[in-house]
Amino acid sequence: MQTLAHFDGGPGPWILFFPLIWAAVVIGGITLLRRTVWRGRRAPWQRDGRDANVRIDEQSPIAVLGRRFAAGEIDEDEYWRRLSVLNEEFGRTSKGGAA
């Protein structure tokens, strides 16, 4: 009886496993890169409008405004009015507007 590795003198069906091994190596490399080097970077269609490198400052006017609203010092109308002014000043646009 002939073995699969020596089918008529050729490599036989085992030759089909080599492309599968290379595919596994490539997929493993991409997975490794995505979990290490590319972590934190997002594709353009996944961005939420903020730059990934910009950190929100705890003392920024928008953060202070949010804390005042959360503490109940200002009402919702005043919060949205002041937030729109701050967004214009810092060059941000609303979620529905064009960037």
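Let me start with tryptophan 80, which is partly exposed at a relative accessible area of 48%. On that scale, buried is under 20% relative accessible area, exposed is over 50%, and partly exposed is in between, with a 1.4 Å probe and protein chains only.

Before the rest, the ground rules. This is a predicted model, where local features need pLDDT of at least 70, side-chain atom pairs count only at pLDDT 80 or more, and totals for chains, interfaces and linings use all residues. Residues are numbered from 1 along each chain as its sequence is written, and side-chain values use heavy atoms, without hydrogens or water.

Overall, the chain has three helices and zero strands; these are DSSP runs, H or I of at least four residues for helices and E of at least two for strands, numbered from the N terminus. Of the 99 residues, 10% are buried.

Now the aromatics. Which residues form one aromatic cluster? They are Phe69, Tyr79 and Trp80. The structure holds two aromatic pairs. Rings of Phe, Tyr and Trp (its six-membered ring) pair if their centres lie within 6.5 Å; planes under 30 degrees apart are stacked, over 60 edge-to-face, and the rest tilted.

Phenylalanine 69 and tyrosine 79 are stacked, 4.6 Å centre to centre with 25 degrees between the planes. Phenylalanine 69 is in helix H2 (residues 61–71) and tyrosine 79 in helix H3 (residues 76–89), so this pair ties together parts 10 residues apart in sequence. Tyrosine 79 counts as buried because its relative accessibility is 15%. With tryptophan 80, tyrosine 79 makes an edge-to-face pair, 5.2 Å centre to centre and 75 degrees between the planes.
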